[in-house]
Amino acid sequence: MKQAIRKLPIKASKSYTIYDLVAPHFDPYWHFHQEYQLVVVLKGTGTRFVGDDIRHFEAGDMVLTGSNLPHVWRNDEVYFENRGLTTRCVVIYFSLDFMGETFLGKEEMEGIKDLLDRAHRGLEIKNDLRDTVQEIMLCMLEQQGFDGVLSLLNILDLLSKTDDLVFINKEGYINTITDSDSKRMQRIHAYILDNFRGDIRLADVAALANLSPTSFSRYFKSHTNKTFSDFVAELRISLACKLIKKDDLSILQISHECGYKTLSNFNKKFKGIMQTNPFKYRQKYRGMK
């Protein structure tokens, strides 16, 4: 059984690689790679990290990431507790030059070239187009040879002509992580994700990275475009948004579940990030549902 969403190089003899990945949980380690990646989640829930963006994901989540854009789809804790749950995603890896540098420079390819340029900020595919692309990706699992290449080109053409794309990262986002930083950042990232619901302290994470608290604060912000406290707050509020959509927990219970000791602090953080309070957020979701 293969692990999902991990660094899987493309063979030199291939134009692209597609995987149908099923596992108890997705690979929980934050990483990046040179290949472009188109992924659709078919089964599983959790928190998605792409660049400096943090948000909840569930089945249907579809994202195109550009070269060397850091990312991880981290499943909810229940998937790590051996409860017999499974996840599934289909992921396509391809390089910028899979069509050849000369071909990409042709006039007819301007739209696709622009799409791939925009993918460096991460692109989420929405609405009916997502269903269309998912169907093509599933067909590609059975295709061989040039048929698969044609399907990939069809997907890229569709994505280049639609308004159903949402930038994931803000304009100007740049990945500052180097290969030498990646293992340290993986340790930091994993520790935060394992402990953000509790009393997580900057000094403890700094010690894990073998840095003083002051040096760690500078290091963390330069590599994530966020302060440590903002990163933890966004993680907690992302979890809160998921829990608020359920009817079995009160807002007070959710605040405690997300690591906040007082309801007032939770409400303040929630409004600062979501631009509304938890009660109105729940009411709006119920109205949409």
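Start by selecting Arg-184 and Tyr-219: the charged end of Arg-184 sits over the ring of Tyr-219, 5.1 Å from its centre. A charge counts as over a ring if NZ of Lys or CZ of Arg is within 6 Å of the ring centre and within 35 degrees of the ring normal. Now pick Arg-74 and Phe-80, where Arg-74 lies over the face of Phe-80, at 4.9 Å from the ring centre.

A word on what you have open: this is a predicted model, in which local features need pLDDT of at least 70 and side-chain atom pairs count only at pLDDT 80 or more, while totals for chains, interfaces and linings use all residues. Residues are numbered from 1 along each chain as its sequence is written, and side-chain values use heavy atoms, with hydrogens and water left out.

**Rings next to rings**

Keep the rings on screen. The structure holds 11 aromatic pairs; rings of Phe, Tyr and Trp (its six-membered ring) pair if their centres lie within 6.5 Å, and planes under 30 degrees apart count as stacked, over 60 as edge-to-face and the rest as tilted. Select Phe-216 and Phe-228, an edge-to-face pair at 6.0 Å centre to centre with 70 degrees between the planes. This pair links distant parts of the chain, with Phe-216 in helix H7 (residues 213–224) and Phe-228 in helix H8, 12 residues apart. (Helices, H or I with at least four residues, and strands, E with at least two, are DSSP runs numbered from the N terminus.) Phe-216 and Phe-228 are both buried, where buried means under 20% relative accessible area, exposed over 50% and partly exposed in between, with a 1.4 Å probe and protein chains only.

**Into the empty spaces**

Rolling a probe the size of a water molecule over the atoms shows where empty space is left. On a 1 Å grid over the protein atoms alone, a cavity is a set of points where a 1.4 Å probe fits but cannot get out, and a pocket is an open set with protein on both sides within 12 Å along at least five of seven lines; lining residues have an atom within 4 Å of a point. Grid points are joined across faces, edges and corners, and a volume is the space filled by probe spheres set on the points.

How many cavities of 30 Å³ or more does a search of the whole structure find? There are two. The largest cavity has a volume of about 110 Å³.

Of its 13 lining residues, select Trp-30, Gly-51, Asp-52, Thr-224 and Phe-231, the closest to its centre.

Then go to the largest pocket, with a volume of about 1200 Å³. It is lined by 35 residues, and the closest to its centre are Arg-55, His-56, Lys-245, Met-274 and Tyr-281. The elements giving two or more residues to the lining include strand S4 (53–57), helix H10 (263–274) and helix H11 (278–288). Colour the lining by class and you get 14 nonpolar, six polar and 15 charged residues; Ala, Val, Leu, Ile, Met, Phe, Trp, Tyr, Cys and Pro count as nonpolar, Asp, Glu, Lys and Arg as charged, and the others, Gly among them, as polar.

**Last stop: the strands**

Select strand S7 (residues 87–94), where seven of the eight residues are buried. Strand S1 (residues 16–23) pairs with S7 in the antiparallel sense over eight bridges; two strands pair if DSSP finds at least two bridges between them. Here Ala-23 stands opposite Thr-87. S2 also pairs with S7, antiparallel, over seven bridges, and Lys-43 has Arg-88 in S7 as its bridge partner.

Follow S2 (residues 36–43) to S5, which it joins by four bridges, running antiparallel. Val-40 has Met-62 in S5 as its bridge partner. Finish on S5 (residues 62–65), covered on both faces: Met-62 and Leu-64 on one side and Val-63 and Thr-65 on the other are all buried.
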